[in-house]
Amino acid sequence: MNLEQIIQGCQKKDILAQEQLYRHYVGKMFALCLKYVPDRDTAQDYLQDAFLLVFDKINQFENKGSFDSWIKRVFINHILQQFRKKSYLAVVDENIPETVEVEIEEGVPPEFLLQIVQELPERYRLVFNLYVFENFSHQEIADALSINIGTSKSNLSRAKLILKQKIEDYTGSSKMPQIQ
C-alpha cells in the first residue's frame, strides 16, 4: 500500500493500516520526541500517546499539504501540551543579551551537538528546538507555551550561551561570545 492508501485505511480504523503508518513514521517521530525530552523512556511515552492522537484525529487530515507536516504538527502539539502542564516555564527575569551568536567550528561532531542540546535544561531546550528546528517565532512559542515573548527570547539566549560555552570547552577555545 502507498501512503495515501494507508491514510485512508487509518481513517477507516483499519488496524493493519495503522500498523503500517506506525512502522513508516516511528523512527522519524521518535527522533522528534527525543529532541524535546532528555530520556528515551519519556520520549517513548510521548511517541505512543501522540500516535494514539494521530489515529484518533486522522480524519481531520484533509490532504491539504503534506501528511509529514500534519503528523509532525500533531506530535509537536502533543509535546507542547505536556510542557504547558509544567510550572517551570514561568517568567524568568535574567539579564541575558537578546541575541547570542553561536559559531560551530569544524571538527565538532554532530553527535556532540545533539548531545549538548539534549543536556540543556528543559525550558531552554524546548524554546531552542521550537525556534531553531521548527522555525517558530517568539510569538508562536509564547502562545504555545503560555509564556510572554520576553521569556521566550530569554530562554533562547540562555540556551545559546550554554551551548556556546560547551562548544568552546570542547574545542578548547577561549573566544568571548559574540553578542549582537
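**Rings, core and salt bridges in a predicted chain**

Modeller: Ring pairs link Y22, F51, F55 and F75 into a cluster, where rings of Phe, Tyr and Trp (its six-membered ring) pair if their centres lie within 6.5 Å, with planes under 30 degrees apart counted as stacked, over 60 as edge-to-face and the rest as tilted.

Colleague: How many aromatic pairs does that rule give?

Modeller: By this rule the count comes to 9 aromatic pairs. This is a predicted model, in which local features need pLDDT of at least 70 and side-chain atom pairs count only at pLDDT 80 or more, while totals for chains, interfaces and linings use all residues. Residues are numbered from 1 along each chain as its sequence is written, and side-chain values use heavy atoms, with hydrogens and water left out.

Colleague: What is the order of the elements from the N terminus on?

Modeller: They run α-α-α-α-β-α-α-α-α-β, giving 8 helices and 2 strands, where helices (H or I, at least four residues) and strands (E, at least two) are DSSP runs numbered from the N terminus.

Colleague: And which residues of the largest nonpolar core touch the most other members?

Modeller: Those are L21, F67, I71, F75, L130 and L145, in a core of 52 residues; such a core is a set of buried Ala, Val, Leu, Ile, Met, Phe, Trp, Tyr and Cys residues joined through side-chain atoms within 4.5 Å. Helices that each supply at least two residues of this core include α2 (15-36), α4 (67-84) and α8 (149-171). Nonpolar side chains tend to be buried together in soluble globular proteins.

Colleague: What is F67 in contact with, leaving aside its neighbours within four places in sequence?

Modeller: F67 is in contact with L3, I7, L21, Y25, I58 and F61, contact being heavy atoms within 4.5 Å.

Colleague: Switching to charges, which residue forms a salt bridge with K35?

Modeller: That partner is E134, and the closest N and O atoms of the pair are 3.0 Å apart; a salt bridge is a side-chain nitrogen of Lys or Arg within 4 Å of a carboxyl oxygen of Asp or Glu. The pair links distant parts of the chain, with E134 in the loop between α6 and α7 and K35 in helix α2, 99 residues apart.

Colleague: Is E134 buried or exposed?

Modeller: E134 is buried, with a relative accessible area of 11%, whereas K35 is partly exposed at 22%; buried means under 20% relative accessible area, exposed over 50%, and partly exposed in between (1.4 Å probe, protein chains only).

Colleague: Where does K72 come in?

Modeller: The side chain of K72 also meets that of E134 in a salt bridge (3.0 Å, N to O). Because K72 lies in helix α4 and E134 in the loop between α6 and α7, this pair ties together parts that are 62 residues apart in sequence.

Colleague: How many salt bridges does the structure hold?

Modeller: The structure holds 8 salt bridges.
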